[in-house]
Amino acid sequence: MKITLLVTSFNSLSQAIYVWLKDNGFLVDVVYINSLTRDSEIEEFKPDIILCPFLKHYIPSSIYKKYPTFVFHPGIRGDRGAYSIEWALINEEKIWGGIWLRADKELDGGDIYAFGEFELEQKSKAYVYRVQEKEVALNSLEELLENIEQENAMPQIQNPIHSKPEIVIDWQKDSTKEIVKKINILDSDPGVRDNILGLDVHLFGAWEEERLGSSSDIEPKTILAKRDGAICLKTIDSAVWITHLKEEGGFKLPSTYVLKDRLKGIKEQRLPLIFDKSYKTFYEVSAEIKDDIAYLYFNFLNGAFRAEQCIRLKYAIEYLKEQVKCFVLMGGEQFFSNGINLNILEDSKKSGEDGWSNINAINDLVKSVIFSPNIITVASLHQNAGAGGVFLATACDFVVAKDGVVLNPHYKSLGLSGSEYHSYTLPKRVGESVAKKLLDECLPISAKFAKDIGLVDELVNSKEQLEGFAKSKIKDDFFDDFIWEKEEFLEENIEKIEQHKEQELKIMHPEFWDENSPFHKLRYEFVYKICPTTTPKRLKAIDNLVI
């Protein structure tokens with residue numbers, strides 16, 4: 001079967017559907033709905049069906065009348081229109097879901113061909129979409145295709161279309177929990193509009209604070225502290241951390257980067273290098289130690305690593321090396337890692353210098369993982385990873401991944417050749433020819449496919465399975481022999497491994513520093529989320545990657 005994915009952009013959900021279809025033998029073509037040659041692209045491919053996992057635009061009748069077209073809607077039966085997840089969070093729904101429905105003239109009004117439900121977590125809209133909705137969309141795909149073939153569907157309930165929710169924080173009345181809920185509803189887009197220290201901004205990344213803000217003498221909305229780019233504001237009953245802000249027409253940046261000199265006199269309220277989660281506050285790096293194994297979490301926004309975050313994470317790893325026999329890199333709640341932070345570089349007046357600093361900092365982090373001779377290292381890809389984030393994982397002795405995870409082991413689509421020791425770790429796992437194919441084709445791959453080619457060692461779908469995998473590696477009969485061989489290998493190959501990094505950096509240097517480097521234009525388009533008017537050639541229909 002030939003399937004076209006008609007999308008606004010090739011986002012995480014679209015990629016998850018794409019790799020699932022390819023893994024299951026379908027010929028898949030991607031078309032951007034804004035493409036100037038959209039109709040001719042569809043006509044040339046002549047799909048049997050069209051799937052629309054992510055659309056922000058109406059589908060022209062010329063498309064859905066000619067081709068059976070099915071849209072994924074992140075809601076339950078009877079839910080229609082945009083702002084589905086927002087209203088579910090506003091109403092604190094216990095059960096929510098996703099439906100595949102046939103496109104027709106009524107927005108989200110067509111017959112339903114597949115659906116799934118889940119217990120709605122009261123977290124951010126971004127988390128619900130990227131984690132819970134993605135899972136239900138994938139899990140209902142097989143049912144969708146069967147029901148399309150059998151023409152088996154149920155009618156949609158024609159309820160009214162959602163209105164746009166109006167979310168405003170009343171700092172004189174809203175509790176900390178209410179403020180966190182309001183910011184979560186509009187996170188990651190467009191954010192809650194507010195004014196902080198005289199600057200009109202949108203708020204993102206809310207965390208409850210238990211210890212600061214206990215004094216009733218301080219006026220609500222007063223900034224109490226800053227930490228790792230976030231700011232802490234007084235509320236009527238405690239305090240709240242806001243990690244990121246966005247000015248009108250701008251893009252998300254750490255709160256302190258946006259407020260800059262307005263924060264004079266505000267003190268940095270530090271935490272231990274690895275926070276123990278003993279009370280509610282904002283933290284990025286935490287660890288759990290169990291059975292001589294450390295599980296290290298790093299929850300950076302969108303999986304993007306600033307230079308200072310790389311440094312902190314490196315120190316955390318160096319500390320844990322002395323405490324346990326194995327450490328497991330866990331990543332964050334929505335992403336494992338996506339490498340360097342492009343928003344910070346776009347904001348920088350010295351993007352070359354800051355880009356160079358960022359890539360060297362993440363290289364130092366990866367080096368601390370590779371050169372861990374006395375300990376076993378594991379990467380747990382329980383969420384998506386891209387670019388340098390994939391190669392942070394491959395620096396470990398073992399890589400495990402969860403079914404449904406999407407990996408993007410490449411850089412070229414952003415005009416970079418990449419570093420993070422990838423020219424050593426990737427061929428070591430998959431061989432030179434496969435490594436070149438992955439880097440050149442710039443296509444996402446599934447966790448299952450990654451396992452088939454050796455990029456991933458095992459598929460692990462629960463914390464219990466992960467713990468069992470890690471425990472098996474520290475048993476004396478395995479651990480002693482493995483560490484002996486690892487020490488010997490690293491001692492013999494240290495110079496060769498370092499040469500890989502040096503050569504990578506030599507190639508990358510002009511990509512950061514040359515004003516005419518494609519990286520600067522591609523980074524700008526990525527950060528400002530500019531909708532392409534052409535579908536990238538790399539996403540046009542090709543046979544499944546054959547290794």
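I take buried to mean under 20% relative accessible area, exposed to mean over 50%, and partly exposed to mean in between, with a 1.4 Å probe and protein chains only. The model is predicted, so I noted that local features need pLDDT of at least 70 and side-chain atom pairs pLDDT 80 or more, while totals for chains, interfaces and linings use all residues. Residues are numbered from 1 along each chain as its sequence is written, and side-chain values use heavy atoms, with hydrogens and water left out.

**Cysteines**

I looked for disulfides, meaning pairs of cysteine sulfur atoms within 2.5 Å, and the count came to 0. Cys531 is in no disulfide either, since the nearest cysteine sulfur, in Cys52, is 15 Å away. I then checked accessibility: Cys310 is buried at 0% relative accessible area, whereas Cys531 is partly exposed at 38%.

**Nonpolar cores**

I next turned to nonpolar cores, which are sets of buried Ala, Val, Leu, Ile, Met, Phe, Trp, Tyr and Cys residues joined through side-chain atoms within 4.5 Å. The largest has 135 residues, and Leu5, Leu51, Leu296, Leu329 and Leu407 have the most contacts inside it. Helix α11, residues 351-370, gives the most to this core, with 7 residues; helices here are DSSP runs of H or I with at least four residues, strands are runs of E with at least two, and both are numbered from the N terminus. Another core, of 17 residues, lies apart from the largest one and has Cys326, Ile376, Ala470 and Phe479 among its members.

I also listed the contacts of Leu296 (heavy atoms within 4.5 Å), and, leaving aside neighbours within four places in sequence, I found among them Val285, Leu313, Ile317, Leu329 and Gly331.

**Two loop residues**

Which loop holds Leu273? I found Leu273 in the loop between α8 (255-259) and β13 (285-290), and at a relative accessible area of 38% Leu273 is partly exposed.

Lys173 lies in the loop between α6 (141-150) and α7 (176-185), and with 63% relative accessibility this lysine counts as exposed. Beyond its neighbours within four places in sequence, Lys173 is in contact with Glu178 and Ile236. I also compared Lys173 with Ala230, and the two are 57 residues apart in sequence and 23 Å apart in space, C-alpha to C-alpha.
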